[in-house]
Amino acid sequence: MIAAAQSREAFYGRMAWIVNGNRLKRDLPSFQEALTYAPSAETKARAWLLSDQTSAIIGRWRGGSHPVFLDFGDADFSSPWLPSTGLIWWLTYIPRGRVITTPVHRQSVSDHFLSGALIRGFASPTQPPSRRSGFPGFEAYRARNDARRWRF
């Protein structure tokens, strides 16, 4: 993070950074590409775990002490569980050069800082139930064979 941003954080106290993600031409495509290959983060809300080096816009905002939100306008993230409009990305920097990237409702961020309402994210997709047996080792083998055995 640049010195000017750090001095603003010191001066204003309680604040958040809302960054225009469309200012530089490569920021949106590099951010979308980073999300494509990122694993899901283990959080209650839908989120991805990224390296702060996967996208230049993420790396530029590391080091601050206040929340950072990336606003890409109404860019399409081509995801069935994300809306096509009203989306903003909350960056939570964690140790070892990583960042948790959480999509949240744009209006909920404004409401949070104006009235203290909760910031609303999106639910994590549920995992389909496993087809594997709950039995360990040999017991699972026996259960599979017993299911195939003809009975009269």
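**Fold and aromatic pairs of a predicted chain**

The chain contains five helices and five strands. The model is predicted. Read from the N terminus, the elements follow the order α-β-α-β-α-β-β-β-α-α.

**Burial, contacts and surface**

- Of the 152 residues in the chain, 32% are buried.
- Among contacts with a separation of 6 or more, 56% join residues 24 or more positions apart.

**The F11–Y12 pair**

- F11 has a relative accessible area of 68%, so F11 is exposed.
- Y12 is also exposed, because its relative accessibility is 54% and the cut-off for exposed is over 50%.

**The W48–W89 pair**

- The ring centres of W48 and W89 lie 5.8 Å apart with the planes at 50°, so this pair is tilted.
- W48 belongs to strand β2 (residues 48–51) and W89 to strand β4 (residues 87–94).
- The two residues are 41 residues apart, and their pair links distant parts of the chain.
- Both W48 and W89 are buried, whereas F11 is exposed and Y12 is exposed.

**Aromatic cluster**

- W48 and W89 belong to one aromatic cluster together with F31, F72 and F77.

Definitions and conventions:
Residues numbered from 1 in each chain as written. Predicted model: local features only at pLDDT ≥ 70, side-chain atom pairs only at ≥ 80, totals over all residues. Heavy atoms only, no water. Helix = DSSP H or I, 4+ residues; strand = E, 2+ residues; numbered from the N terminus. Buried < 20%, exposed > 50% of the residue type's maximum accessible area, 1.4 Å probe, protein only. Contact = heavy atoms within 4.5 Å. Phe/Tyr/Trp six-rings, centres within 6.5 Å; stacked < 30°, edge-to-face > 60°.
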